[in-house]
Amino acid sequence: MQKASTIGVLTSGGDAPGMNAAIRAVVRTGKYYGMKVMGVRKGYEGLIHGDIFEMSARDVSDIMHRGGTVLQTARSDDFKEVEGVRRGISTARYFGIEGIVVIGGDGSFRGARDLCAEGMPAVAIPATIDNDISCTEYTIGFDTAINTAKEAVDKIRDTATSHERCNIIKVMGRASGNIALNVGIATGAETVLIPEQEVDFERDVIEPIHAGHKRNKKHFIIIVAEGVAGSDDLDKRIEEAIGLEARTTILGYTQRGGSPTVVDRVYASQMGSYAVELLKDGVSDRIIGIKKGSIYEVDIFEGLNMPHTVREDLISLSKILSI
Ligand code: ADP
């Protein structure tokens with residue numbers, strides 16, 4: 001691609017705390033290099049329909065500490081068809097946009113890949129609380145989400161101890177157990193159930209409770225990732241199996257909100273800035289990610305084909321520490 005002097009920025013799919021810090025970094029880095037930065041509202045819907053405006057460095061003042069995204073986000077079925085992608089590109093070109101920074105999850109990355117395939121340069125920044133994108137160790141929003149969940153579980157633990165109850169806490173994560181594993185370790189959960197591992201009710205739920213009873217444990221915290229199939233009536237099944245009072249708490253959307261942590265703000269700032277530098281230098285079709293703790297970039301087609309992996313080290317750590 002040619003070096004871009006006018007770029008667009010959009011947020012797409014599920015929102016995540018830290019998206020605003022990424023937008024701010026894109027706009028300010030663009031301005032630093034004398035580029036024109038166009039904000040696209042409501043993701044690919046806004047790209048198709050021309051909901052696009054020029055952004056100044058001051059437009060992104062006072063947004064970094066806020067959750068959500070000031071550009072708003074949306075899902076666009078039209079953009080899943082090549083016609084929609086082409087309409088988006090022609091609208092973008094009408095506004096003079098020569099390259100687009102897409103901030104979102106893996107669905108949004110597929111949209112960015114299609115932009116590249118149809119001739120519009122794009123660079124993608126991973127932002128989803130689920131941390132479920134194979135080509136990066138980290139996605140913006142994850143740290144804030146696990147800290148929110150950690151606080152909730154700590155509070156639930158207080159009452160679990162008082163009542164000698166079993167508390168089941170469902171966390172988000174779609175098909176990934178990353179949130180569950182990290183929150184489980186951070187809160188000392190007795191059991192963590194994740195979609196990447198087959199769940200055996202007797203072995204993974206009942207036996208740890210029996211073992212805990214023998215060791216005088218007063219509470220049983222079970223963290224369940226939302227992607228675990230057949231976990232809806234876990235509380236009833238525990239009560240029926242061993243007569244222990246069990247309660248389920250679904251943390252839900254609280255995990256998606258809140259002021260982003262320092263970790264999320266710093267990664268978002270680094271990634272946003274790096275994305276602009278790539279487009280400025282004429283580099284496109286990239287996903288920005290974190291590998292061994294540092295920023296790196298990978299070809300978007302290659303990155304999207306990488307297989308999903310699970311943190312085996314965290315799975316075994318969680319088991320060792322829950323005795
Ligand atoms: P996330 O980016 O958080 O994973 P979604 O999966 O909902 O969220 O994707 C966000 C948007 O990205 C979709 O509404 C659609 O516009 C676009 N998108 C998703 N999948 C594809 C695809 N296979 N091809 C083109 N665009 C896609």
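In this predicted model, Ile 320 has a relative accessible area of 58% and therefore counts as exposed, since the cut-off for that class is over 50%. The residue belongs to helix H11, which spans residues 312-321, and together with Leu 317 and Leu 321 it makes a nonpolar surface patch of about 300 Å².

By residue class, the lining of the largest pocket divides into twelve charged, nine polar and seven nonpolar residues.

Most residues other than glycine have a negative phi. Glu 164, although not a glycine, has a positive phi of about 50°, and it is found in the loop between helix H5 (142-163) and strand E6 (166-171). With a relative accessibility of 43%, Glu 164 counts as partly exposed.

The other residue is Asp 285, also not a glycine, whose phi is positive and near 55°; it lies in the loop that runs between helix H9 (262-280) and strand E10 (286-291). Asp 285 has a relative accessible area of 22% and is therefore partly exposed, because buried would require a value under 20%.

How values were computed: Residues numbered from 1 in each chain as written. Predicted model: local features only at pLDDT ≥ 70, side-chain atom pairs only at ≥ 80, totals over all residues. Heavy atoms only, no water. Patch = residues over 30% accessible without salt bridge, like charges linked within 9 Å, V, L, I, M, F, W, Y side chains within 5 Å. Areas by Shrake-Rupley, 256 points an atom, 1.4 Å probe, with all protein chains shown as cover. Salt bridge = Lys/Arg side-chain N within 4 Å of Asp/Glu carboxyl O. Helix = DSSP H or I, 4+ residues; strand = E, 2+ residues; numbered from the N terminus. Buried < 20%, exposed > 50% of the residue type's maximum accessible area, 1.4 Å probe, protein only. Nonpolar A, V, L, I, M, F, W, Y, C, P; charged D, E, K, R; others polar.
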